[in-house]
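Dear colleague,

I am handing over the structure below, and after it you will find my notes on the contacts within it. Please read the two side by side.

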Amino acid sequence: QVQFVESGGGLVQAGGSLRLSCAASRNTFSINIIGWYRQAPGKERELVAQITSGGTTNYADSVKGRFTISRDNAKRTADLQMNNLRPEDTGVYYCNGLPYSPWGQGAQVTVSS
């Protein structure tokens, strides 16, 4: 199974930006869909954005126009650019492929008001 390691989280004020990066343990050419997910305190994990191997993207309504997902199969990475962050974006962010691999430790994102 492929393993994913997330990085790039941090503390930012509302309106700020962060870029998360996800590194895969093996090549991602065979992984059709890679997604970024988040889990807010006391809530279930939810899908934030997905990207197919062909570059088609899909976003949760709450992040459309603010977040951008990208992937680089040659580098085995998938990034999430997050702009105009809001306090409700706070949570632990994870990346994973489909079918799911074991979840990594995630990256903590905290947005202060």
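Where does Trp-103 lie? Trp-103 is placed in the loop between strand 9 and strand 10, where strands are DSSP runs of E of at least two residues, helices are runs of H or I of at least four residues, and both are numbered from the N terminus.

Before the details, a word on the basis of these notes. The model is a predicted one, in which local features need pLDDT of at least 70 and side-chain atom pairs count only at pLDDT 80 or more, while totals for chains, interfaces and linings use all residues. Residues are numbered from 1 along each chain as its sequence is written, and side-chain values use heavy atoms, with hydrogens and water left out.

**Aromatic contacts**

Trp-103 is partly exposed, because its relative accessible area is 31%; here buried means under 20% relative accessible area, exposed means over 50%, and partly exposed is in between, with a 1.4 Å probe and protein chains only. The structure holds four aromatic pairs, a pair being two rings of Phe, Tyr or Trp (its six-membered ring) whose centres lie within 6.5 Å, with planes under 30 degrees apart counted as stacked, over 60 as edge-to-face and the rest as tilted. One of them is the edge-to-face pair of Tyr-37 and Tyr-100, at 5.9 Å centre to centre and with 75 degrees between the planes. This pair links distant parts of the chain, since Tyr-37 belongs to strand 4 and Tyr-100 to the loop between strand 9 and strand 10 (107-112), 63 residues apart. Tyr-37 is buried, with a relative accessible area of 5%, whereas Tyr-100 is partly exposed at 45%.

Tyr-37 also forms an edge-to-face pair with Trp-103, for which the centres are 5.1 Å apart and the angle between the planes is 90 degrees. Here too distant parts of the chain are linked, with Tyr-37 and Trp-103 being 66 residues apart. Together, Tyr-37, Tyr-94, Tyr-100 and Trp-103 form one aromatic cluster.

Leu-98, Tyr-100 and Trp-103 make a nonpolar surface patch of about 270 Å². Patches are made of residues with over 30% relative accessible area and no salt bridge, like charges being joined within 9 Å and nonpolar side chains (Val, Leu, Ile, Met, Phe, Trp, Tyr) within 5 Å, and the areas come from the Shrake-Rupley method with a 1.4 Å probe, with only the protein chains shown counting as cover for residues.

**Salt bridges**

The structure holds five salt bridges, each defined as a side-chain nitrogen of Lys or Arg within 4 Å of a carboxyl oxygen of Asp or Glu. Among them is the bridge between Arg-19 and Asp-79, at 3.3 Å from N to O. Arg-19 in strand 3 (residues 18-24) and Asp-79 in strand 8 (residues 77-82) are 60 residues apart, and the pair links distant parts of the chain. Arg-19 is partly exposed at 44% relative accessible area, whereas Asp-79 is buried at 15%.

Arg-38 counts as buried at 5% relative accessibility, and its partners include Glu-46, with the closest N and O atoms 2.8 Å apart. Glu-46 is partly exposed at 38%. Asp-89 forms a salt bridge with Arg-38 as well, the closest N and O atoms being 2.9 Å apart. That pair links Asp-89, in the loop between strand 8 and strand 9 (91-98), to Arg-38 in strand 4 (residues 33-39), 51 residues away. Asp-89 is buried, with a relative accessible area of 1%. Through shared partners, salt bridges join Arg-38, Glu-46, Arg-66 and Asp-89 into one network.

**The disulfide**

The structure holds one disulfide, a term used for a pair of cysteine sulfur atoms within 2.5 Å. It joins Cys-22 to Cys-95, with 1.8 Å from S to S. The torsion about this S-S bond is about 65 degrees, so the disulfide is right-handed. Cys-22 in strand 3 and Cys-95 in strand 9 are 73 residues apart, and the pair links distant parts of the chain. Cys-22 is buried at 1% relative accessible area, and Cys-95 is buried at 1%.
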